[in-house]
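Me: I have a structure to look at. Can we go through its aromatic rings together, one question at a time?

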Amino acid sequence: QVQLVESGGRLVQAGGSLRLSCVVSGRAFRASAMGWFRQAPGKEREFVARINWSGDSTDYADSVRGRFTISRDNTKNTLYLQMNSLKPEDTAVYYCNFNSRPRSVPRENWGQGTQVTVSS
């Protein structure tokens, strides 16, 4: 049973930065592409960023490209999302998950997510 635990979300001002973390249970993490997703009120859950198993290939949604950076530490089974130049439209619950299909929103293995709120 895969466990995904997100953390790091909080209230921040527009233009600020935040770093999210996701701890993944199981050794499958090291061999798996991972992604960050988000869901804002009244909207569908959407793709944010993806990173391959080795960490040398990344992909981003157009809305966050140039502002967010996805990374991973396979020795710690941890996924990160560095969020810079935050905008109010970035406000959402952020989730991590396995992401074998590029830009595809998974249908299983969801954790509780972490709330990011960008003011102003």
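Me: The charged end of which residue sits over the ring of Trp110?

Reply: This is a predicted model. A charge sits over a ring if CZ of Arg is within 6 Å of the ring centre and within 35 degrees of the ring normal. Over Trp110, the charged end lies 4.4 Å from the ring centre. It belongs to Arg45.

Me: Arg45 also lies over the face of another ring; at what distance from the ring centre?

Reply: The other ring is that of Tyr95. Arg45 lies over its face, and the distance from the ring centre is 3.8 Å.

Me: How many aromatic pairs does the structure hold?

Reply: Rings pair if their centres lie within 6.5 Å. The count for this structure is 3.

Me: Why is the pair of Phe37 and Phe47 edge-to-face?

Reply: Planes over 60 degrees apart count as edge-to-face. The ring centres of Phe37 and Phe47 are 6.2 Å apart. Their planes stand at 70 degrees, so the pair is edge-to-face.

Me: Phe37 lies in which strand, and Phe47 in which?

Reply: The two residues are 10 apart, and their pair links distant parts of the chain. Phe37 is in strand β4, and Phe47 is in strand β5.

Me: Is Tyr95 buried or exposed?

Reply: Buried means under 20% relative accessible area. Tyr95 has 10% relative accessibility, so Tyr95 counts as buried.

Me: Which residues form one aromatic cluster?

Reply: Tyr95 and Trp110 form an edge-to-face pair, 5.6 Å centre to centre. Phe37 and Phe47 are paired too. The cluster is Phe37, Phe47, Tyr95 and Trp110.

Definitions and conventions. Residues numbered from 1 in each chain as written. Predicted model: local features only at pLDDT ≥ 70, side-chain atom pairs only at ≥ 80, totals over all residues. Heavy atoms only, no water. Phe/Tyr/Trp six-rings, centres within 6.5 Å; stacked < 30°, edge-to-face > 60°. Helix = DSSP H or I, 4+ residues; strand = E, 2+ residues; numbered from the N terminus. Buried < 20%, exposed > 50% of the residue type's maximum accessible area, 1.4 Å probe, protein only.
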